[in-house]
Amino acid sequence: MVEIMISIPVIFVTIFVGAILTYLIKLIMPKVEAYFALLVSAATSYMAFALPKTESIYKFNLGSFNLMWGNNEYSHLFAMLVAVLGFFVVLYSMDFMAGKVNLGFYYFNLLVSIGSMLGIVYSQDFLSLFIFWEIMTWSSFMLVIYAQDEKFSVGIKYFVFSAIGAYLLLTALVILYTNSGSFLLEDNINNFIYLSSQNQILVIIFLIIGFGVKAAMMPFHVWAPDAYKAAPSSFTALFSGALSKMGIFGIGLVLFKFAIQNTDYFTYFQFALAWLGGITALLSTFYAVFQTDAKKLLAYSSIGQLGYIIVGLAVGTPLSIMSALLLTILHGAFKAMLFMSAGAVYYRTGLLDMNETRGLIRKMPLTFLTALMGIITVAGVPPLGGFVSKWMLYEALIQSNYYFLVIIIFVASTAAFLYLYRFIFSLFLGQEEKEFENVKEVPIKMIIPMLLLAGFTLAVGVVPGFVLEQISKAMGYLGIQTPNWENSVLFSNWENSSVNLMSVATSIGILFVLGAIFLTIKNYRSTRYVTTKDIHTSGEVPTENENLTFAVNFYQPFERSLGSVIKPSIDRIFNLIGKNIESAADYLRYIYTGNGQTYAMYVILFFVVLILFADLMFGFKF
Amino acid sequence: MDSFWMKILGFVITPLVAFAVGVTYGGIVRKITARIQNRVGPPIYQNLLDITKLYSKKTAVNHGVMQHLGPVFAITASVTSLFFVPVLRDSSFWFNLSFDGDLIFLLYMMVFGSLGMALGAGQTGNPNSAIGVSRGLALMVGYEIPFVLSLVALMIQFQTTSIHGLLAVQDTFSSWIIFQSPFATIAGILAFLGMMHYAPFDVPFAPAEVASGPASEFGGKYLALMMTSGSIFTFVKLVLFVNIYFGGAEDLLTLILKTFILYMIPVLTGIVNPRYRTEQAIQFFWKWPTVFGIIAILIVVL
Amino acid sequence: MLYYIGAISLILIGLYAVLVKKNLLKIVIGLAIVDSGLNLLFIAIGYVKNATAPIFSSESLTADKMVDPVPQSLVLTAIVIGLAVTAVALGLVIRLYDHHKTLDINKIRQLKW
Amino acid sequence: MRKAVAILLLGIFGYYFASIFLSLPFGEKREGVGKHYLENTISETGSVNTVTSIVVSYRGFDTLGEVTVLFLASTGLGAILFDVRRKKRNEQNASPIVRTTSTVFYPMIILLGAYVFVHGHLTPGGGFQGGAIIATGVLLMFMAYRKFEANHTLLSVIESLAGLTFVTVGLTGLIYGGSFLVNFLPLGTPNDLVSAGVIPIIYIAVGFKVGAELTVVLDDMLKTIR
Amino acid sequence: MEFSPVHYIAVPLFAAFLIPLVGKVSKELVKLIPGLVLLYLSYGSIMLFPKGMENPIIEIIAGFKPPFGIALYYGATAAFLVTLVTLLGFVIWLYSYKFIIREPIEKYYMLFMLLITGATGIMLTGDIFNLFVFLEITAIASYSLTAFLRDKDSAEAAFKYLLIGSFSSAFFLLTVMILYTYTGTLNLADLASKADMIPANAKGFALLLVIVGMGIEAEIFPLNGWAPDAYSQAPSPIGAVFAGIVVKAAVYAFIRIIFLFFKTPEVLHFIVIIGLITLIIAEMAALRQHQIKRMLAFSSLGQMGLVILALGIGTTESTSAALFQMFNHAVIKAMLFFAAGYLVFHSGSKLIDSVTGLGYDKPITSFFFSLGALAIIGLPPFSGFWSKLNVLISIASEGEILIIVLILAASVVEAVYYLRIIGKLYTRKEIDSNPRRTPISGLLAMGILAIVIIVIGIYPDVLTQWLQPAAENLLNSEEYIQTGLF
């Protein structure tokens, strides 16, 4: 009975109908809709987990096209990410969004975007993939504009870039369709070699850019910081954690199912993409360092991490792909944690400007813990999960002759410490101010997802095996040989290059506990807590109103030393392009002068031009 | 069973030795500095005295849990790093966990402590601490580039990422890496200058500017623990560099000799140089050291 | 042949008025002239030399001595259509004059761009 | 500037236009439907006026459209000039000569118009021509007597009824004759007044309609005159 | 009396003649008559539709066989479009029911009926001069309706429309002359069979005349200067009529004539290019509009450019895609005009800026507008996506990647200006809550269209099965000639 129940159409019906019902329930019985949304997402997540991986294929025809939905190992990996994060985000939203307006709209779009992401990963044909892709785009667009006030260019920017991506995607799909006569992935993969070489390259480039836009690949990342900032934090967690991964999903598919067939150019694609990813990682890290808005900072960080993932995929050795996929999953977890904790701060203080927030650690200890584990994971410091993926990525890069790329990645991840410290320092550390006196820890429904995800990152850091297993299966689907992996030991191809995570964790754990015990017994009880106003300032006692917070221009020296490296902002280039198009449009508008006589003149002019053209070119013989 | 206890013993002894060496070096450095500056200077064991005194002191105040845990992070990181560095070549007693992690792991492990310190310093609410941390992190981005360039050059050249691998290479060729790839070594050593935070790269802790930066709010046992960790960490870095560039050491004496000489490089540089501004320091690393690192890689690749 | 030239000239004159004259009424007149030209042209096309009107009012008339009746009937329709258009155009001109107090087409261009 | 451009464009246009049309043979007999109409008009429609038979019978649908166009013109004008400011007209009537002549000629003109459309299938002329003549008569009255008012209600009823008659004839044809506007009455003898089936009926309706509509149009416009 | 194609013309005409009489009795009845007529026609359409899809129905008028009499040609394409027109016409009537509150209501409905007559006449007639007559009926009704609001701007718009429209009729009449002179016939099928009798240069000249004459009505660039003015100044339901009915009829007639007489590769290429230019320029111009309805007008021009482009490709797929796009554009643009009508009404200003925040005050109308905007951009799961996809596929199978890229670039521009409005609608702003509500008939009209959009978006096969025969009918001039002449 249960086996029959759980199939892909049932999942879709559950979530999409559930979304509509949520909207309707909001109209009838307010306050219930959040619980209903939770129920829907829980059911969906459960079914996504329980869905059999191979036998659940569902074929049908729509608009004279064959379509197919099915689950495979690769899909399953991403589906799990979406399912877990989706559920957590809904759970988190229950308190985070409580009391906001238009909640029906919010939950509707949230559920639709979760459903469409599942749709993307379960699609076994390009058409339904594209349909779900667009549904995802507009539902997320709705959420981006959901909370906006006077400024709405953010949503448009997001949508325009999405549209550019989607349309490139569409162009590629159409070319593929005319080649194979079908939208099924399988047919297209098999018939790809019959495409002319030029079209092959075109298709691959279009597909990669199309997917890459969602993955915020440079130079198409400009939408991301603003859109991430504009969306409610709860959704941003999903946005950055899962939605952007759909781009990665697509790039993986394109690279290892299509591009790899074009043997002549595959290495060039890899090379270009890897460097693009590397530059994405580096530049976005630099941009992140100078942000003052917590969510924008995280957004740039997100872009950077996606850059690592793209690098990992593009380098294409088994180890690098494994690291990329692991980072995909992990990034979903830790970026969700970070956005959720930023959201938690926002929930209590209404602030996201890092020049203004400060000293919340004692008010919100659990949120701080989440944020701390989040930044440790991002930084790639052992013993949390980030290290595993970073380590694999470096090993893979060093071993695959991307010498300079590895430097870039290294620098990027070192520079990441800067913004990570800024993030946690500005929100939680530093002076405790009076204005935050009444701030409390966020409600339990927001804490649970954050802590569970934090636990997950720790688990990956110590025993990554349980994730690597699914990843290696997914790599099997992509047709890539799996590297050596053990439950908690990392291997690379080179001798002696391995890390035993268990002993690392043991060592750190024991020493940490010992140190903590030592200090606590010997010290903590004997000290008394004093406020952060009570500090040494070279012997002077600070007055009440003295500014003791160092927050504005936190990394000014660094900025100065970077000099003009980060000046030519890509943002500005796109703005310039946009402006030029608009002014071109403005000029075109002047064709319509408003004078009816001129229009009449156009008619005669057009006719005369046609006559001359017809006479001189064809002699009136068509 | 025997080896197990030996191992445990190793875990206990190694930090002690590292601490002793580190503290002594610290004392010697203070002495040398004083002499060069035409002062008498404190006795060599002054640092040990300081630490002991601090351990015995009762700490009066704290600003919260993170300040409390900051030194713990630091000591955890330095001791764990120590465990993962082979202190002596061919002597399993000093190897500890060094087969369980490689160079890349170490690079990250070494950051762990700084991160904890920075967090602890952040909670104190002292603006100087935050400034110090900001400078330190920025500086780190500076010297990381040549250092990584150098390491990557070596890793690619010798097809290994583990310290044991590098040691074995130096063993088989019976020549140190400094002779096999001098450019990488130069880049590494220059980065080492920054890593040791001696002048001209002592921006994060500059006593006159930011009142010792991150540490300014720590006293008593916190400071003691931090100093301990610092001493051990100095030793770890020295051993690491000796292992990588100077063929490691077969016995303790050689190790001490080599590390001391290596240590003198930043120390002596520091004594005769004034402090850079932060951006100058960063830009310094992005000029010649980086060029050397790139040359090193190019040599390997070509 | 001359009929053709005359009709075409009428059309061109009408078009010229439409394209150049500023006064709305003149433009409407121009349109009417174009219509007349077209109608004349069509009638001229239907003409057969030495033939009479296509009405069998007496037995002596035969079909092959008559002009083509189709253009005539079509022109009948076309005239009516032209009339209707002119009427509506004049109505609009009245409206426009009411609003703008001018008949200069260059001044009646609120809707642009 | 505009003039120069217009002349240039029209020059080119005229050149090609003329070159196409001047190559048409002038005044020659042509094969085609026209010949068929001429040969069969009496036997098929009973109308001796071939133009009328074409207009009302062969291409009756066009005429329906034509009537519609006129109807549209009056409706459209009614809509466009619906609430235009009614100006007070100059009270002064025309000179006595004009008034007298108009009064005398007015019924004659109406009669002539009626004659023209009743005899549409026999003589040159027809509904449109007749209707136009009637409207001319009304125009004459408008010019002569400033206070002359057309009865709008009556006119619009006439308009509608005439239009309805046309469509009803058409639909009756659809019902009885199998196709829209088909002749369902006997053809009669050619050259008789009562002949040619439905043609006179339609033409009478058209005549009334055109007369009424043109009157309405004139009236609408006149009301706006200063 | 069985339902036959001529009812499409005769019944609304009858109604139009009847309305003034009824108006003497009751004003309410005047409003109801068009609805009843359109309901009857819709019912008839649905009955007749399957027959027309199978075999073309030729209805003879006045009992004379073509080419001597006029015949109506109810083929698959015409069936498809006429059904669309009647159904859409009904919805537009529903919307007008409460929207048109300005006198003379009686004349409005008369003109509306005549407009429907003219549009269906264009689609149905099989005679070129009759086509001209119906074009004129449509045009004059349009002029009058454009000026219906009788304000400064609408009169101006109507005059421009009339001016350019006169050119259209003059050019088309010239075409008729040339064709008649050489072939001696006026029936389209007969003309097509005798097209060889026309000398090449006359035929070429006729082609140019058709392109210009019909191009004006089909709104191709640069002949569409009148269109934005007329669309934006006419009452909103009439904007919907223009976008959904009038231009469809014009494009149908245009492409029918082209396919019958001038279907050569050069001409088709030219049509593709002209469609593309129209698309791009219109979308670019729409980007910078400040008035919501004017923007919709430009968007409409762009959409028609796309349709013309797809028709110019000239394959069965592309033609069916074009018909699909026509359908979608009619439905979606009608909905957008409906919603925009009430948005303008509620905000009291035609400017885009003034809708800011209305999404919260008038949620349902705003929702419909947003839905329409998303649909016309071509986002799944709305109907607009499928037609765009089909168009693109049909172009791609001709290997014209560049055209695809340009179309999609234009679509991006389109997305920008539509989303700008959505963004403004849902931007929070303190506005005085407006007690006026969108009346239920308006919402019902939009709701019907929304349901159509979503249903076809989710299950396009409802419609696509009819597209194939319609497209084949449009392309197959041989069949047209044979069936048209018996």
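So, a quick definition before we start: two strands count as paired if DSSP finds at least two bridges between them. Keep that in your head for the first stop. And a heads-up: what you're looking at is a predicted model.

Okay, let's go to chain A, to strand β1, residues 58-62. β1(A) pairs with β2(A), the two run antiparallel, and there are 5 bridges between them. If you want one bridge to find on screen, take A:Phe60, whose partner in β2(A) is A:Leu67.

Now, is strand β2 of chain A enclosed or open? Well, 4 of its 5 residues, within 65-69, are buried, so the strand is largely enclosed by the rest of the structure.

Next stop, A:Pro365. This one sits in helix α15 of chain A, which covers residues 365-379. A:Pro365 counts as partly exposed, because it has 15 C-beta neighbours inside 10 Å, and buried would take 20 or more. Compare its position with A:Phe334: they're 31 residues apart along the chain, and their C-alpha atoms are separated by 17 Å.

Last bit: where the chains meet. Here 66 residues of chain A are in contact with 69 residues of chain B. On the chain A side, the elements giving two or more residues include helices α16 (385-399), α17 (403-428) and α20 (501-524), and also strand β4 (498-500). And what is that side made of, by class? It has 37 nonpolar residues, 21 polar and 8 charged.

Notes:
Residues numbered from 1 in each chain as written. Chains lettered and ligands numbered in written order. Predicted model: local features only at pLDDT ≥ 70, side-chain atom pairs only at ≥ 80, totals over all residues. Contact = placed C-beta atoms within 7 Å. Nonpolar A, V, L, I, M, F, W, Y, C, P; charged D, E, K, R; others polar. Buried ≥ 20, exposed ≤ 12 C-beta atoms within 10 Å, placed from the backbone.
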